[in-house]
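Please keep the sequence and the model in view while reading.

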Amino acid sequence: MTDSFSIKTLALLGSTGSIGTQALEVVREQRSRFRVAVLTAGRQWELLVAQAREFRPAAVVIGDDYYQQTKAALADQPETEVLAGDAALTEVVQRPDIDVVLTALVGYAGLPPTVAAIRAGKDIALANKETLVVAGELITNLVQQYGVKVLPVDSEHSAIFQCLVGEEQNPIEKVILTASGGPFRGRSAQDLAHITKAQALKHPNWTMGAKITIDSATLMNKGLEVIEAKWLFNLANEQVDVVVHPQSIVHSLVQFEDGSLKAQLGLPDMKLPIQYALGYPQRLRNDFPRFSFLQYPTLTFEAPDLGTFRHLPLAYSAMQRGGSAACVLNAANEVAVAAFLQDQVSFLGMADVVAECLGRVPYLAAPTLADYAATDAEARRVATSLL
Ligand SMILES: NC(=O)C1=CN([C@@H]2O[C@H](COP(=O)(O)OP(=O)(O)OC[C@H]3O[C@@H](n4cnc5c(N)ncnc54)[C@H](OP(=O)(O)O)[C@@H]3O)[C@@H](O)[C@H]2O)C=CC1
Ligand SMILES: CC(=O)[C@@H](O)[C@H](O)COP(=O)(O)O
Ligand SMILES: [Mn+2]
């Protein structure tokens, strides 16, 4: 069979993070398929410089405070322009040669460059779930207006996306997102009263950035993913279910109207969903370790404990409320997680911050992009005042 894959030019936002570095591993193993035009980072300027030396992008973007060091370190590499700050981030994604923008920034910061990339007609490999949580309706409308693709990177959403290939005529009855349950699965609220960040940062199956790892421990990650799934797959709120699957082998499932369930399985390794999104629609041959049922003879499933892990019902209720509610949920959660990582709030206290903000921050039924920015800022202000 002939190989008709044409080389894709990539902008990798958040290239120094967990997803970003794994995306570069994928590119390293598929050099003839991908070219890197843009790399960006927040603070890890030395790693960004090392990546720039290896991949020779046309531009790198670093956080404002690290511009001078980065510029000096790349002075002998004139083919790579060194830029800094949020405005540069939204500029570089629009460059004409870029085909796909991987959004592997963490948090609300992912929204503005994603909007700019869509408006410039770029396909999005979406890791930054917060973009759809905050502004799912707005992003969905922009995606339709500009005719671009959103290719999910999040493992559960990649699983669903893969299950839907060839099913374009067939309505979805529901999707079932699998959740590992995090490091505290089976614990009571009393057990969780004195959890430390070191305990919460130990995910049972995945090695990820700090923010998403804490979200997995509280089940907020699954709440964010429920909202992400609603927007990615055009679902009603009642069509998104969650089941706890501690082994993280079944990455998620789709049920069709005849009752048939399709699932995607594999080892917990983000390189596969990253590669699938970047290579879509092709499945590129690779040497990643293969899953064996014999090594995982027991796959188990159970209901989430919604009484102990309050973030998940909070996310469902924000989704049901619509409008600006999930923007508030997200901002309050970002503040609470950052505070937890600095020992300023307890593990259980994080849910209190989110619940309180949902009650206090003014609600908007049909927010614009500017409204989201204002709501995000107000929710951060309120959340910070609660610490
Ligand atoms: N890690 C995973 O396996 C998965 C992650 N995701 C999602 O992907 C996204 C990235 O997660 P992950 O890779 O774990 O996160 P990391 O914290 O590991 O990496 C985040 C990246 O974004 C950069 N960054 C952070 N804040 C800013 C900012 N304000 N402006 C510019 N750049 C910034 C960081 O730069 P620097 O480090 O240089 O400061 C880093 O490159 C998140 O939305 C997460 O929910 C989804 C599924 C799985
Ligand atoms: C790898 C990935 O997609 C993460 O979002 C992962 O799913 C986190 O695991 P849990 O939130 O299920 O613990
Ligand atoms: Mn996930």
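The model is predicted: local features need pLDDT of at least 70, side-chain atom pairs count only at pLDDT 80 or more, and totals for chains, interfaces and linings use all residues. Residues are numbered from 1 along each chain as its sequence is written, while chains are lettered from A and ligands numbered from 1 in the order in which they are written.

Consider next the sheet. Four strands form an open sheet with mixed pairing, in the order β9-β8-β10-β11; two strands pair if DSSP finds at least two bridges between them. At the edges lie β9 (240-244) and β11 (261-265), each of which pairs on one side only. Strand β10 (residues 250-256) runs antiparallel to β11 and is joined to it by five bridges. Val 254 stands opposite Lys 262 in β11.

We turn to the ligand. Ligand 1 is surrounded by 27 residues, and the closest are Gly 14, Gly 17, Gly 42, Met 208 and Gly 209; a residue is near a molecule if its C-beta atom, placed from the backbone, lies within 6 Å of it. The elements that give two or more residues to this shell are α1 (18-29), α6 (129-146) and α10 (210-218). The largest share, three residues, comes from α1.
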